[in-house]
Amino acid sequence: MEEKELIQNVLENENIEESVSCDTFDMNLQEEQAIINNIYPYKNENGKRKASLWTRFVKRTFDFCSSFYLFLFLNATLIFPILMIVVAIKMKGNPFFIQKRPGKNGKIFSLIKFRTMTNEKDENGDLLPDDKRMTKFGKMLRNTSLDELPELINIIKGDMSVVGPRPQLVRDMVFFSDDAMCRQSVRGGLTGLAQTSGRNNLLWEERFDYDLEYVDNYGFFYDLKLIFKTIKKVVKSEDVATEGMETSEDYGDYLLRIGAIDKTTYDEKQLAAKELLNRR
């Protein structure tokens, strides 16, 4: 009898432990889902500041003068023309990569960069994955940020600023909440607070936090500090790409991957992005 009672007690304890384990697992799932629900739509009270006319005037003057004279220097020393020719040879064609990006107040403009990936396609005519099209030369351009030099033209034109939130893709912007859209209240930048704080190794929510912090604090000396921090980052080639990826993950892909949105919502937003691009 004692042996039977001992076996029965062991079985009952195992059932209790299994029940506790299941309850704990369910609780963890609920906590994880609560975190996901807080992530999308993104919420943040920052980014509400409206800069003075003086601040905006000084910023635009600095942007134009610094970019214009740097662009003249790069051409006078033949750095830009030589780099353009080398990129054309290495990429076997047009050295420039031009892509529509949302700028200030969501206005779409054509961002110009040096090409870092080939245009190789599969048998169906679709572009190969990024890791298949990225070349060693292209990686070097990205690691040194030399691929960003043509964006000086965007800054001169007034599409961008030297410092500001990094212009994301249109297919990213369609997923932005109202709070996240506050980052679009200023011109996108060649560099910014997010780029000096982790760049592509930041979570999307962290990028938004830094972008909105910048919107609330930017000014001439604040921008200068970020420019010097950027130079240090470029020299060290830090945080150029997201770990495990050749390029940064799209915001919509990120939301779908973590379960913050379903496939139907994802597809609807992608269609909305295509419609925005087709209007241009």
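**Exercise 1. Find which helix gives the most to the lining of the second largest pocket, and describe that lining.**

Solution. Step 1: Helix α2 (residues 53–76) gives the most, with 4 residues. Helices here are DSSP runs of H or I with at least four residues, strands are runs of E with at least two, and both are numbered from the N terminus. This is a predicted model, in which local features need pLDDT of at least 70 and side-chain atom pairs count only at pLDDT 80 or more, while totals for chains, interfaces and linings use all residues. Residues are numbered from 1 along each chain as its sequence is written, and side-chain values use heavy atoms, with hydrogens and water left out.

Step 2: The second largest pocket holds about 300 Å³ of space. On a 1 Å grid over the protein atoms alone, a pocket is an open set of points with protein on both sides within 12 Å along at least five of seven lines, a cavity is a set where a 1.4 Å probe fits but cannot get out, and lining residues have an atom within 4 Å of a point. Points are joined across faces, edges and corners, and a volume is the space filled by probe spheres set on them.

Step 3: The pocket has 15 lining residues, and Arg56, Lys104, Ser185, Val186 and Tyr218 lie nearest its centre. The lining divides into 4 nonpolar, 2 polar and 9 charged residues. Ala, Val, Leu, Ile, Met, Phe, Trp, Tyr, Cys and Pro count as nonpolar, Asp, Glu, Lys and Arg as charged, and the others, Gly among them, as polar.

**Exercise 2. Describe the cavities of 30 Å³ or more.**

Solution. Step 1: The count is 2.

Step 2: The largest cavity has a volume of about 40 Å³. Its lining consists of Val58, Lys59, Phe62, Asp63, Phe220 and Asp223. Both α2 and α9 give two or more residues to this lining, and α2 gives the most, with 4. By class, the lining has 3 nonpolar, no polar and 3 charged residues.

Step 3: The second largest cavity has a volume of about 30 Å³. Pro102, Gly103, Lys104, Pro165, Pro167, Arg183, Gln184, Val186 and Gly188 line this cavity. They divide into 4 nonpolar, 3 polar and 2 charged residues.

**Exercise 3. Work out how strands β1 and β2 are joined.**

Solution. Step 1: β1 (residues 96–102) and β2 (residues 108–114) run antiparallel and are joined by 7 bridges. Strands pair if DSSP finds at least two bridges between them.

Step 2: Pro102 has Ile108 in β2 as its bridge partner.

Step 3: The two strands form a hairpin with 5 residues between them, and Asn105 in the turn has a positive phi of about 60°.

**Exercise 4. Identify the largest nonpolar core and the contacts of Tyr214.**

Solution. Step 1: The largest nonpolar core has 28 residues, and Phe80, Val87, Phe114 and Tyr214 have the most contacts inside it. Such a core is a set of buried Ala, Val, Leu, Ile, Met, Phe, Trp, Tyr and Cys residues joined through side-chain atoms within 4.5 Å. Buried means under 20% relative accessible area, exposed over 50%, and partly exposed in between (1.4 Å probe, protein chains only).

Step 2: β2 gives the most to this core, with 4 residues.

Step 3: Leaving out residues up to four places away in sequence, Tyr214 touches Lys59, Val163, Gly164, Pro165, Leu193, Tyr222, Asp223 and Leu226. Contact means heavy atoms within 4.5 Å.
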